[in-house]
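Reader: I would like to go through the labels attached to this model and the values behind them. Please begin with the core.

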Amino acid sequence: MAFKGTLLIDTEHCKGCGVCIVGCPNGCIALSKKVNKKGYNFLELVNDDCIGCANCAVVCPDGIIEVYRAKV
C-alpha cells in the first residue's frame, strides 16, 4: 500500500538548521532562497515524493513541521 504525504511548515519560526533535510529519505525538503522575518532561510517542500514518514518532524528541534499522510 502506498502513502502520499505533505507538510505544513511554520516558516516564520524555522531557523534553517537543516537537520530535517538530512532526515528525509526522499529528498523532499530543502532550504528556501527566501528568508523569514528573522532573516533565516526556511524549510520548503521541493518535490512531490513525500511519503509522510515524519522523520523531518521527529528530528526538528523547534517542532515547526506537521506531517499529513493519506493512503493512495
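Author: This is a predicted model. Its largest nonpolar core has 14 residues, and those with the most contacts inside it are L7, C20, I29, L43, C56, I64 and I65. Strand 1 (3–9) and strand 3 (41–45) each supply at least two residues of this core.

Reader: What does C20 touch, not counting residues up to four places away in sequence?

Author: C20 touches I29, L43, C56, V59 and I65. A contact requires heavy atoms within 4.5 Å.

Reader: Why is V58 called exposed?

Author: The relative accessible area of V58 is 68%. Exposed means over 50%, so V58 with its 68% is exposed. V58 is in helix 2 (residues 55–59), and together with V19 and V59 it makes a nonpolar surface patch of about 250 Å².

Reader: Why does N36 count as buried?

Author: N36 has a relative accessibility of 5%. The limit for buried is under 20%, therefore N36 at 5% counts as buried. N36 is found in the loop between strand 2 (29–35) and strand 3. Its contacts, leaving out residues up to four places away in sequence, are T11, E12, H13, C14 and F42.

Reader: Which backbone oxygen lies 2.9 Å from a polar atom of the N36 side chain?

Author: That oxygen belongs to C14.

Reader: What makes K37 exposed?

Author: K37 is in the loop between strand 2 and strand 3. With 76% relative accessibility set against a cut-off of over 50%, K37 counts as exposed. K37 and A57 are 20 residues apart in sequence and 22 Å apart in space, C-alpha to C-alpha.

Reader: How many salt bridges does a search of the whole structure find?

Author: The search finds 2 salt bridges.

Reader: What makes D48 and K4 a salt bridge?

Author: The closest N and O atoms of D48 and K4 are 2.6 Å apart. The criterion is a side-chain nitrogen of Lys or Arg within 4 Å of a carboxyl oxygen of Asp or Glu, so the pair D48 and K4 at 2.6 Å meets it. This pair links distant parts of the chain, with D48 in the loop between strand 3 and helix 2 and K4 in strand 1, 44 residues apart. D48 is exposed at 60% relative accessible area, whereas K4 is partly exposed at 29%.

Reader: How do you know that K15 forms a salt bridge with D62?

Author: The closest N and O atoms of K15 and D62 are 3.4 Å apart, and the limit is within 4 Å. The pair therefore counts as a salt bridge. K15 is partly exposed at 42%, and D62 is partly exposed at 37%.

Reader: Why is E66 called partly exposed?

Author: E66 has 41% relative accessibility. Buried means under 20% and exposed over 50%, with partly exposed in between, so E66 at 41% counts as partly exposed. E66 is found in strand 4 (residues 65–71). A polar contact of 2.7 Å joins the side chains of E66 and Y68.

Reader: What is stated about the phi of A54?

Author: A54 is not a glycine, yet it has a positive phi of about 70°. A54 lies in the loop between strand 3 and helix 2. At 23% relative accessibility, A54 counts as partly exposed.

Note on methods:
Residues numbered from 1 in each chain as written. Predicted model: local features only at pLDDT ≥ 70, side-chain atom pairs only at ≥ 80, totals over all residues. Heavy atoms only, no water. Patch = residues over 30% accessible without salt bridge, like charges linked within 9 Å, V, L, I, M, F, W, Y side chains within 5 Å. Areas by Shrake-Rupley, 256 points an atom, 1.4 Å probe, with all protein chains shown as cover. Helix = DSSP H or I, 4+ residues; strand = E, 2+ residues; numbered from the N terminus. Buried < 20%, exposed > 50% of the residue type's maximum accessible area, 1.4 Å probe, protein only. Core = buried A, V, L, I, M, F, W, Y, C linked by side-chain atoms within 4.5 Å. Polar contact = N/O pair within 3.5 Å; in protein donor to acceptor, adjacent residues only side chain to side chain.
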